[in-house]
Amino acid sequence: MRQGIMVFMRNARGLQSVCRIYKRNHHHHHHHQSHSLGIIGAPFSKGQPRGGVEEGPDLIRAAGLVEKLKAQGCAVKDYGNVLFEEVIDDEPIGRVKSPRAVGSANQRLAEAVHTAKKDGHTSVMLGGDHSLAIGSIHGHAAAQRELSVVWVDAHADINTPLTSPTGNIHGQSMSYLIRELHPKIPVLPNFSWIKPCVSAKDLVYIGLRDVDPEEHYILKYLGIKVFSMTEVDRLGIARVMEETCDYLFSTVKKPIHLSYDIDAIDPLLTPATGTPVVGGLTYREGLYITEHICQTGLLSAVDMVEVNPQRGRTEEEVQSTVKTAVDLLLGCFGRVRGGSHPSDYRMPEP
């Protein structure tokens, strides 16, 4: 199938949507490619001030993630949780909080993701807070060289250590990874291993609705493609995803790293998270993003972060948040709402 697409792409006018072709094939035949996944738990919370987010990985597993993925035809290897060392004496550097813990945790996570990729899997990182995207994307890039990143989040997480109003590293993750921002990043303890590995043109944001003025400047200054909630409202999610793919694949099709913050979804549905913002993606919009990216055939790594059971006021709020996280991951790996069947299925004869 992909061969046919490459021929199509070489054709001068062939840059209509790659995504659309995939979609046609998938919908007619109803068979999903088999996915091989490597799950990595990252129970880490020091990128932000609230305890509880380190419980995310085991909660998402306890909701049946592995069994459900296997039931829809995925091969799954669970690498367990990364062990993070306790960092004593982690004084702030300027405004930046817990730099040593965050730097060292991400280095360990990067190795784990790199291993999963080298073993031939699509990496699935369960967080933990969004500072973990530093290690996840870095480890992915070490295995794949060039990546595109789709960042689904209420927040841009692109403050530099010097622009950050809070000093929480989960709001700075992308700034360490973007090549064009490298000159603006000061030296931090345990961060010297990080080599920026994503070009500004290979990043797309979806769902933004709480962006600091400094971040807004950075997004404009680097010309980064952003679909805020205003664009989601104006265009609809189908058009947003079509434009996302057209934009990312306009030159060469790079593997996709999908970094999904559960707070992208409206907090009526996913309240158990550290920094909820009203007016988010609906369940349907959130799922559509995963279905569309799955259909490109290019998904190479996923992060699912910021599920924090201690921020849910009731058990129902926690369960709704966790279940949504699981459903989004299932959508990444072939579950479609219209149903599907194995390609070798035959109806029984009477």
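Which hand does the crossing of H5 and H6 have? I found the crossing of H5 and H6 to be right-handed, where right-handed means that the near helix is turned clockwise from the far one by less than a right angle, and left-handed that it is turned anticlockwise.

Before going on I noted the basis: this is a predicted model, in which local features need pLDDT of at least 70 and side-chain atom pairs count only at pLDDT 80 or more, while totals for chains, interfaces and linings use all residues. Residues are numbered from 1 along each chain as its sequence is written, and side-chain values use heavy atoms, with hydrogens and water left out.

**Entry on H5 and H6.** I read helices (H or I, at least four residues) and strands (E, at least two) as DSSP runs numbered from the N terminus. Helix H5 covers residues 99-118 and helix H6 residues 133-144, and I noted that they pack at an angle of about 40° with their axes 7 Å apart. H5 is therefore oblique to H6, given that angles under 35 degrees count as roughly parallel, over 145 as roughly antiparallel, 65 to 115 as roughly perpendicular and the rest as oblique. The axes are lines fitted to C-alpha atoms, for helices over the stretch in contact, and angles run from 0 to 180 degrees between N-to-C directions. Among the residues making the contact (heavy atoms within 4.5 Å) I listed Leu109 and Val113 of H5 and Ile134 and His138 of H6. By class, the contact of H5 with H6 has seven nonpolar, eight polar and two charged residues; here Ala, Val, Leu, Ile, Met, Phe, Trp, Tyr, Cys and Pro count as nonpolar, Asp, Glu, Lys and Arg as charged, and the others, Gly among them, as polar.

**Entry on alanine 105.** I then looked at alanine 105, which is found in helix H5. Alanine 105 counts as buried because its relative accessibility is 1%, the cut-offs being under 20% relative accessible area for buried, over 50% for exposed and partly exposed in between (1.4 Å probe, protein chains only). Leaving aside neighbours within four places in sequence, I found alanine 105 in contact with Phe44 and Phe84.

**Entry on H11 and H12.** The axes of helix H11 (residues 283-296) and H12 come within 7 Å and cross at roughly 25°, so H11 is roughly parallel to H12. Their crossing is right-handed. I noted Leu287 and Cys294 among the H11 residues in this contact, and Leu328 and Cys332 among those of H12.

**Entry on the sheet.** I traced an open sheet of eight strands in the order E2-E1-E3-E8-E7-E4-E5-E6, with parallel pairing; two strands pair if DSSP finds at least two bridges between them. At the edges I found strand E2 (75-81) and strand E6 (225-228), each pairing on one side only.

Strand E1 (residues 36-42) is mostly covered, with six of its seven residues buried. E1 pairs with E2 over five bridges, and isoleucine 39 stands opposite aspartate 78 in E2. Six bridges join E1 to E3, where glycine 41 stands opposite leucine 126. Strand E3 (residues 122-127) in turn pairs with strand E8 (residues 299-305) over four bridges, and methionine 125 has aspartate 303 in E8 as its bridge partner. Lastly, I saw that helix H12 (residues 315-332) lies across E3, strand E7 (256-261) and E8, running at about 175° to E8.
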